[in-house]
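Please keep the structure open while reading.

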Amino acid sequence: MNLEAAMRLAIERSEAVKGTTYPNPPVGAVILDRDGEVAGVGATEPTGGPHAEVLALRRAGERAAGGTAVVTLEPCNHFGRTPPCVDALIAAGVSTVVYAVADPNPVAAGGAARLADNGIEVRAGVLADEVSGGPLREWLHKQRTGLPHVTWKFATSIDGRSAAADGSSQWITSEAARADVHRRRAVADAIIVGTGTVFADDPALTARTPDGTLLERQPLRVVVGRREIPQDAKVLNEDSRTMVIRTHDPHEVIRALSDRTDVFLEGGPTLAGAFLRAGVIDRILAYVAPILLGGPITAVDDVGVLSIAHAQRWRFDGIEPIGPDVRLSLVPN
């Protein structure tokens with residue numbers, strides 16, 4: 001197996017544990033033996049459990065000696081709840097360590113230098129864009145800013161409508177698109193909506209399978225606004241925890257969620273406009289259906305743009321068909 005193929009396997013494993021490792025990053029690791037064959041694979045376990053490299057080394061056993069470790073993140077070089085991963089790699093006798101992204105945390109950084117000082121060949125940057133824009137996107141943002149990464153997620157018709165003129169919106173997108181949303185909800189830390197959405201749609205804001213069964217992991221449900229919501233609202237049921245934040249200030253909302261890493265904004269057009277005007281959205285995830293609705297109900301209200309010269313500029317970092325729909329991923333330009 002070549003290094004890029006091994007890194008893609010590590011990325012696959014890291015994606016599988018995303019949402020379960022907080023506050024540690026979701027990391028994947030692959031150990032190749034001397035002949036380049038996969039000897040062990042691992043991904044970070046929940047807090048207090050072994051990191052990806054340690055699990056992969058355990059599974060590789062003696063085959064790790066003289067082999068290559070391929071890791072999505074630079075191996076850590078500090079004692080936390082577990083010993084440094086660099087110690088395990090040195091003790092296993094690997095000859096080479098390949099990683100995608102350097103660790104930005106000054107407490108944990110320095111692993112590459114320590115490995116090199118012990119005679120281990122180190123190679124950095126393999127598939128770095130795929131890792132930094134994939135499983136480590138939100139964690140890296142949190143390390144850089146100290147704030148959660150906010151994704152505005154919405155479903156829309158091809159003409160930008162989030163509902164028909166009578167207010168009906170179930171369902172604009174296909175079952176395949178909705179299943180993708182629920183999978184993403186299950187790895188998110190929180191979902192934000194406004195009180196207007198609670199009154200209009202009475203959403204449960206849970207992560208579910210297509211038949212309605214609750215998935216094992218559920219995000220924190222966050223309701224923003226000053227109006228009291230009904231006690232029998234679905235968002236207050238026992239399927240998950242709920243936080244109500246009495247404010248219209250997006251910055252206050254983000255600060256209240258500063259202990260989270262991956263946050264979804266799923267509110268209506270008014271809340272989306274407020275968050276866009278405040279500049280606190282880090283990614284847009286739009287599910288676009290090939291239907292036309294017309295009418296007055298758009299995906300977003302006022303974003304503070306008075307002329308085309310002042311338009312908010314975003315760029316695509318992902319375009320993917322999902323069933324009959326398209327999922328667009330955009331980041332600030």
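## Salt bridges

A salt bridge is counted when a side-chain nitrogen of Lys or Arg lies within 4 Å of a carboxyl oxygen of Asp or Glu. Side chains of opposite charge can pair when their charged atoms come close. The model discussed here is predicted, and a search of the whole structure finds 15 salt bridges in it.

One of them joins Asp180 and Arg183, with a distance of 3.0 Å from N to O. Both residues sit in helix H7 (residues 175-185), and because they are three residues apart, about one helical turn separates them. Asp180 counts as buried, at 9% relative accessibility, while Arg183 is partly exposed, with a relative accessible area of 47%.

Asp180 and Arg327 are both buried. Which residues make up the network of salt bridges that includes Asp180? The network links Asp180, Arg183, Arg184, Glu320 and Arg327.

Another salt bridge connects Lys18 with Glu138, and its closest N and O atoms are 2.8 Å apart. This pair too links distant parts of the chain, since Lys18 lies in the loop between helix H1 (3-17) and strand S1 (28-32), and Glu138 lies in helix H6 (residues 137-145), 120 residues apart. Are Lys18 and Glu138 buried or exposed? Both are buried.

## Cysteines

How many disulfides does the structure hold? The number is zero. Cys76 is in no disulfide, and the nearest cysteine sulfur, that of Cys85, is 3.6 Å away. Cys85 is likewise in no disulfide, its nearest cysteine sulfur being that of Cys76 at 3.6 Å.

Cys76 counts as buried because its relative accessibility is 8%. Cys85 is buried as well, at 1% relative accessibility.

## The largest pocket

Rolling a probe the size of a water molecule over the atoms shows where empty space is left. The largest pocket holds about 1400 Å³ of space. It is lined by 50 residues, and the closest to its centre are Lys153, Ser169, Thr197, Asp201 and Glu266. Elements that give two or more residues to this lining are strand S6 (149-157), helix H7, strand S7 (190-194), helix H8 (195-201) and helix H10 (269-278).

Helix H7 supplies the largest share of the lining, seven residues. By class, the lining of the largest pocket has 21 nonpolar, 18 polar and 11 charged residues.

## The second largest pocket

The second largest pocket contains about 650 Å³ of space. Its lining has 27 residues, and those nearest its centre are Glu15, Lys18, Gly134, Arg184 and Arg283. Among the elements that give two or more residues to the lining are H1, H6, H7 and S13. Strand S12 gives the largest share, four residues.

The lining of the second largest pocket divides into eight nonpolar, five polar and 14 charged residues. At least three lining residues come from each of domain 1 (3-139) and domain 2 (148-332).

Key. Residues numbered from 1 in each chain as written. Predicted model: local features only at pLDDT ≥ 70, side-chain atom pairs only at ≥ 80, totals over all residues. Heavy atoms only, no water. Disulfide = S-S within 2.5 Å. Buried < 20%, exposed > 50% of the residue type's maximum accessible area, 1.4 Å probe, protein only. 1 Å grid on protein atoms, 1.4 Å probe; cavity = no way out; pocket = protein on both sides within 12 Å on 5 of 7 lines; lining within 4 Å. Points joined across faces, edges and corners; volume = space filled by probe spheres on them. Nonpolar A, V, L, I, M, F, W, Y, C, P; charged D, E, K, R; others polar. Domains from an automatic or database assignment.
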